[in-house]
Amino acid sequence: MISTVRCTTASRIVWGIVGVVVLTSPTTTWAAETPSAVVIEGCSVFDPESSTMLTPRTIVIRGDKIVSVTAADEKVEIPEGATRIDGRGKFALPGLIDAHTHSVHVLDYARMTGDEVLPLYLAAGVTSIRSTGEEIVAATLVARWAMAHPESSPRVFTCSPLLDGDPPIHRDIGRGITDPAQVPAILDDLQRWNISTVKIYAGTGRPVGKAIIDEGHRRGLFITAHLGNYSAQHAVEDGIDCLEHIWSVYNYVIPGDVKREPGYRGRLDLSNPLCEALVADLAQRKTYVDPTLAVFRNMILLPDVPEVKDHPDNALVPKRLRDFWPVYLKRTGCPQGGALEDRRREFAKFQELTGKLYKAGVPLLVGTDSPEPQCVPGFSMHQELEMLVESGLPPAAALKAATLHNAAALKQQEYLGSIQAGKYADIILLTANPLDDIRNTRKIENVIRSGLVCQPAELLKRVPKE
Ligand SMILES: [Zn+2]
């Protein structure tokens, strides 16, 4: 049955997510009622614009939107019948956004459907995810499911399949392109699915890559890339919007005269001219970089070390996925990079480069690549934030990236990414200040998604055990 009465205000963002496909679907229903009003009184509020924690505020939510954020000495109108939350001594953050996830890929190998892990994101305070390369029909169905179940799901923004060389590296989610002339017809098709992002993949060379950027920009699309054949220098010069994974920078700052002997990647001098020039170019053009440190530590370089392999977060995912992770690691040849010490040094270099990008003024996104091995949906965002702070970002900068930058990369900054009147009521309420210690982002009392107040413990109960 169609039931859109209570989601009229939400429908604006619905169009942004999956557009006509969803709104004309007879399966579009809201499973939960949006409460009439919620008021959080007396909480500190993180403002990502100024990167500061504002003194106690009262946040008034009506339906799924924030209607006011007022200081103690300002007059505030409390709606009659509102649910009141005592926010004194607590800290409100905009809902986190994970800029790099897979809502279908990997899960399908583990015989799972994307909806099964969505409550994990919300339980961890991740109220939106950017899906980054899936089979488009399946990804759209997951996004529809998420939209119909705001009480247990983050918002899901979809992406193109991986636009790749022919044959594509991932045959199930890649689309091979050999000629730039093919690009307009492919984008015509993809735009019917109202994707948020177009992703170029490793087998694509410069002629096709440049055609995707040029044609995509003509259509107002956001173009990101996991690079391989197309160099970072060329992609940045051609106007790419974002680079996925720190690899997409690191692999292009190794001078040609460096000897490729064991462990060389962990000994690179990042003050070399090639690196300095690329970092400066990224900063000057404001090209986003989404380092996804979690997947490099947890899957590619250090999946075998106890603090990663036995991380308590890993126990939160269904057994099917947990059992599949070692199979997938073996299939993909992980860990990569030789001896453990070499691998540790290489990861340290990835963090050093991330810090260097931040200090140079390159805008960073925060993504995890969950649910790749040992990247737990939602909870790996907290790991990623910790690793960004270890890399040299102040906690406020890491949080700004995870909220405002990620919202901007989705072209949703009008609706998401900060706690401001007029935006969607996606808020997490913490019991400790994350600017004092970034690990405090885990101390979540409530998650509010579209004005719905959710308890993390209850959300975790919705995740299948097996
Ligand atoms: Zn990925």
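In which loop is Arg 111 found? In this predicted model, Arg 111 is placed in the loop that runs between β6 (96-101) and α3 (118-123). The backbone of Arg 111 has a positive phi, near 60°, although the residue is not a glycine. Arg 111 counts as exposed because it has 10 C-beta neighbours inside 10 Å, where the cut-off for an exposed residue is 12 or fewer.

A positive phi is also found at Asn 194, another residue that is not a glycine, with a value of about 50°. Asn 194 belongs to the loop between α5 (183-191) and β11 (197-200). With 18 other C-beta atoms within 10 Å, Asn 194 is partly exposed, since that class lies in between the limit of 12 or fewer for exposed residues and the limit of 20 or more for buried ones.

Cis peptide bonds were examined next. Asp 166 and Pro 167 are joined by a cis peptide bond whose omega is about 0°, and Pro 167 is located in the loop that links β9 (159-164) to β10 (174-176). A cis peptide bond also leads from Cys 334 to Pro 335, here with omega near 5°, and Pro 335 lies in the loop between α12 (319-331) and α13 (340-360).

Definitions and conventions. Residues numbered from 1 in each chain as written. Predicted model: local features only at pLDDT ≥ 70, side-chain atom pairs only at ≥ 80, totals over all residues. Helix = DSSP H or I, 4+ residues; strand = E, 2+ residues; numbered from the N terminus.
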